Amino acid sequence: MNKEVDLKGKKVKLSQHVKIGQKNKMNQTYTDVSDMFAAKGAPSFLTGSEVIRDAVKVAGVDISVAYPITPQSEAAALIGELYAEGYLLDYFRGESEFAVMGQCAGAAFGGARVFTTTAGPGTLRAMENFPMWAGSRLPIQVVVTCRGINSPLSIQPDTLEMAYLLETGMLVWHAETAQDLYDFILAGFMVSEQPDVHLPLANCCDGFFVTHTKDTVNKAPEDLCLPPYDPYKSPVPCMDMECPPVRMMRDPFVMKSNYISYSTHASWQQEVKAAVERSRKHTIAILGGLIETENVDREILIVSSGTAVSQGREAIRLLEAEGIKVGLVKIKTIRPFPYQEILEATANAKHIFVPEFNMAGWMAREIKALIPNNERVYAGPHVAGGMTMPSEVIAEEIKKHIGA
Amino acid sequence: MSKDKIKICEDLADIMPPEYQDLVEDATYGDQDRGWKDVGSSKELIEQHSLCAGCPESIAFRYVLASLPAPEDTVFVGSTGCTSLVFPHVAVQNIHSLFGNQNAIASGLHRALKVRFPDKVKDVVVLAGDGATVDIGLDMTLQSWFRQEKFTTICFDNELYANTGGQESGLMQKGFVSKMAPVGKLFDKVRLAEIARESGCHYVACLTVSKPNRVEKALKNAILVAREFGPTFIQLYTPCILEIGKQSMEGLDEMKDAESIGGRFVYKEYATDDVKKFLKEKDEEAKARKKEKKSAKA
């Protein structure tokens, strides 16, 4: 469904790792991520959860910590099976998402490549950890299989939790399909472990729609594997007592009320923000861009992320049959937000529709805050609480709004 | 970490701060028999601290850091509170992440170090206050013990939230009037040592820091047992003299009162039979090393 990115032609190499070409103990050859993508085989027909497992299998993950919450439980359990087969060095069930994210942090502080999954209320329970991960520069990857977070209890798809992740200092990506998710997991480690980025990544997808449906996915051969994480390329010391433990500071800044203290904290936050921005060049090199566009010269555009894009694509097909031409912008990275790309893609649009699987309409707000003449942005349609978004609803809403 | 890693390159020796030079020349990295008696005669792993004058926690820190059997391969995990003001001054790597998740961090950290350094002993030590250990972090404290995570947990028990200004904590004694317990605390001091024993800790000690010998012994026992058997726990009474209305010089008396007969901190130690046997062997080994050293000197 997604546009194929021609990486063979580009020859972009992300890893300068010395271990490239060597084999790990599972007899997988350490391979640059671009070469892995280029070596993708025939399509497999898999659920999103199985795709997460298969990506982790070739991602050289050292440690994963699991906790059950729908709809990520299956993926988390499948990763346990990989551990039993020997693909991971350690794996266990934590006691809550708050603890799991702490355990992930501990493992990352100790120099391991760490992967975990969570969803909905679990994401919110874990929330205190996310700015800590970013501030501690831990390149942990968490796959967030979005679901409802409100009361009354709902386990159904809803992307509201992503709004809470936006200002944590993490990279936040949004996969539309199982193929995206596969690619994003592999690319994600390579981007977030770059020394000038070195930040955690929330790899989001829409729960059930992506995790529990089957889709065709092109995967890299299983005898290949991402090059291992090198904790000594981290911009902050790895906590393994293998480098001189000099005093970190003369006075702890935590309680000081003076300019140096404020300035230290401010510059640390600025640095995290800057590191998010610096991830662009690496992401573009592997994924071919932060957005994908179709026919953005048209007056009407649908701009969104996740499965709302898939529904938008169908709506475009329906409208096309009635003679209404609509273009499409698919946003892949929410943090960093593709400012320039969206500005350019929407430059000529007269109507910009932002369908979303949540009531808040946070994506529409992001776009409204960015582009000039933002009365062009129509925030909707919205569905929530697990409702599907029929493409007819998007098409109707567009027709109603433009008076067609 | 090999001691070679902290050596200073000759060309840069004159610009390195004197504290670092002392650390290279006079610190006791690599000596498994180091102990509290090295305080004052060799470079300590703790620099000046920012705790209150006379705070028993500061002396507890000195004893703990002086008694680690292998500081060159020890990573501390702290939590929020007065201890987090001291850790930035300490010449052992340490992690502060959040308030209460210290045993979760230590679980992940210890596992990562184990898979990355399978042939090396890397000690992980949690050091946190009573609020972090018992109240906000109790779940993670206990779960790490249930899972038999092989690291030592130390609780600096000052029986209240000191850093935030003296509020009630679970380890506060019943009836004590404090902030957030305006009519006195209504329930008993949580029996953490017993909980630790029942939760799977292989070695538990509860004591004050009035006697450095005892602190050293308990710490060494706890770390050696954690390496071989599983979780260990030490509860140290480090009264907050400020918040219980004592003077700077009264900390020691307060601890001595608390550990006298009938007090809350009468010395307590639990160990499984296997651990008792193991510790006896370790004691004999240490004695033999001491004897050898003595005869080598003579």
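Before you click anything: two residues are in contact here if their C-beta atoms, placed from the backbone, lie within 7 Å. Helices (H or I, at least four residues) and strands (E, at least two) are DSSP runs, numbered from the N terminus. This is a predicted model, in which local features need pLDDT of at least 70 and side-chain atom pairs count only at pLDDT 80 or more, while totals for chains, interfaces and linings use all residues. Residues are numbered from 1 along each chain as its sequence is written, and chains are lettered from A and ligands numbered from 1 in the order in which they are written.

**Stop 1: a helix pair in chain B.** Select 212-228 (α8) and 273-297 (α10) of chain B: their axes come within 11 Å and cross at roughly 120°. Those axes are lines fitted to C-alpha atoms over the stretch in contact, with angles running from 0 to 180 degrees between N-to-C directions. Now show side chains: Asn221(B), Leu224(B), Val225(B) and Glu228(B) from α8(B) meet Val275(B), Phe278(B), Leu279(B) and Lys282(B) from α10(B). That contact splits into 5 nonpolar, 1 polar and 2 charged residues. For these classes, Ala, Val, Leu, Ile, Met, Phe, Trp, Tyr, Cys and Pro count as nonpolar, Asp, Glu, Lys and Arg as charged, and the others, Gly among them, as polar.

**Stop 2: the two domains of chain A.** Colour 7-233 as domain 1 and 291-402 as domain 2; the bounds come from an automatic or database domain assignment. Their centres, taken over C-alpha atoms, are 27 Å apart. Where they touch, 20 residues of domain 1 of chain A contact 20 of domain 2 of chain A. Which element gives the most on the domain 1 side? Pick β7(A), with 4 residues. By class, that side of domain 1 has 12 nonpolar, 5 polar and 3 charged residues.

**Stop 3: a sheet in chain A.** Next, show the open, mixed sheet of 5 strands, ordered β11-β13-β12-β15-β16. Strands pair if DSSP finds at least two bridges between them. At the edges sit β11 (291-294) and β16 (377-378) of chain A, each pairing on one side only. Zoom in on β12 (300-304) and β15 (351-353) of chain A, which run parallel and are joined by 3 bridges. There, Leu301(A) stands opposite Ile352(A).

**Stop 4: where the chains meet.** Finally, show both chains: the contact takes 38 residues from chain A and 36 from chain B. On the chain A side, select α5(A), which gives the most, with 9 residues. The chain A side divides into 22 nonpolar, 8 polar and 8 charged residues.
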